[in-house]
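I opened the notebook to record what I looked up in this model, entry by entry.

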Amino acid sequence: MPDVDEAVAFWNEHGTPKLTQRTPAAVARYFEGLELLEPGVVSCSAWRAATPTPDVAMYAGVGRKRGRIPVVRRATGRRGRCGVAH
């Protein structure tokens with residue numbers, strides 16, 4: 001997404017913290033060792049959307065260890081409980 005590339009470059013030149021863009025495959029590596037729940041790593045706007053929505057330049061997924069509460073991992077790699085991110 002060229003408009004996103006331009007916005008990230010501007011932010012990284014003038015703002016903090018610096019942003020790191022990641023591909024869906026790079027985000028998926030945060031889920032290694034976890035069971036990745038459907039629909040997998042997708043654009044945040046598409047994750048469990050009731051209707052089709054335009055893609056955004058941020059990816060998310062939900063993974064879990066068997067017998068544990070699902071963990072949300074965003075592109076930043078930060079963790080949160082499943083009920084927090086919708």
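**Entry 1: salt bridge**

I searched for salt bridges, and the count comes to one. The model I am reading is a predicted one, and the pair in question is arginine 64 with glutamate 35, whose closest N and O atoms are 3.3 Å apart. I noted that this pair links distant parts of the chain, since arginine 64 sits in strand β3 and glutamate 35 in strand β1, 29 residues apart.

**Entry 2: strand pairing**

I turned to the strands next, and found that glutamate 35 also stands opposite arginine 64 in β3, which places the salt-bridge partners within the pairing of the strands. Strand β1, residues 35–36, pairs with β3 in the antiparallel sense over two bridges. Strand β2 is joined to β3 by two bridges as well, and these strands run antiparallel. For valine 42, I looked up the bridge partner in β3 and found alanine 60.

**Entry 3: overall make-up and confidence**

I listed the secondary structure of the chain as two helices and five strands, and from the N terminus on the order of elements is α-α-β-β-β-β-β. Of the 86 residues, 24% count as buried. The chain exposes about 6400 Å², of which carbon and sulfur atoms supply 56%. Among contacts between residues at least 6 apart in sequence, I recorded that 32% join residues at least 24 apart.

How confident is the predictor, averaged over the chain? The mean pLDDT is 80, and 78% of the residues score at least 70. Confidence is highest in α2, at 92, and lowest in strand β5, residues 79–81, at a mean of 45. Over residues 80–86 the pLDDT stays under 50, and for this stretch the model has ten contacts beyond four places in sequence. Where pLDDT is low, the predicted coordinates should not be read in detail, so I took no local geometry from that stretch.

Is serine 43 buried or exposed? Serine 43, which has its place in strand β2, counts as buried because its relative accessibility is 5%, where the limit for buried is under 20%. A polar atom of the serine 43 side chain lies 2.8 Å from the backbone nitrogen of valine 56. Not counting residues up to four places away in sequence, serine 43 touches Asp55, Val56, Met58 and Tyr59.

I then moved to serine 45, which lies in the loop between β2 (42–43) and β3 (59–64). Which backbone atom lies 2.6 Å from a polar atom of the serine 45 side chain? I found that it is the oxygen of proline 54. Leaving aside neighbours within four places in sequence, the contacts of serine 45 are Thr53, Pro54, Asp55 and Val56.

Alanine 46 lies in that loop between β2 and β3 too, and counts as partly exposed because its relative accessible area is 33%. With residues up to four places away left out, alanine 46 touches Thr53 and Asp55. I also noted the C-alpha to C-alpha distance from alanine 46 to tyrosine 59, which is 9.1 Å in space for 13 residues in sequence.

Threonine 16 and proline 17 are joined by a cis peptide bond with omega at about -5°, and proline 17 has its place in the loop between α1 and α2. Glutamate 38 and proline 39 are joined by a cis peptide bond with omega at about 10°, and proline 39 is found in the loop between β1 and β2.

Leucine 19 has its place in the loop between α1 (2–14) and α2 (24–28), and counts as partly exposed because its relative accessibility is 42%. Beyond four places in sequence, leucine 19 is in contact with Val8, Trp11 and Asn12. Between leucine 19 and alanine 9 I recorded ten residues in sequence and 8.6 Å in space, C-alpha to C-alpha.

How values were computed. Residues numbered from 1 in each chain as written. Heavy atoms only, no water. Helix = DSSP H or I, 4+ residues; strand = E, 2+ residues; numbered from the N terminus. Polar contact = N/O pair within 3.5 Å; in protein donor to acceptor, adjacent residues only side chain to side chain. Contact = heavy atoms within 4.5 Å. Pairing = 2+ DSSP bridges. Buried < 20%, exposed > 50% of the residue type's maximum accessible area, 1.4 Å probe, protein only. pLDDT = per-residue confidence, 0-100. Areas by Shrake-Rupley, 256 points an atom, 1.4 Å probe, with all protein chains shown as cover. Salt bridge = Lys/Arg side-chain N within 4 Å of Asp/Glu carboxyl O.
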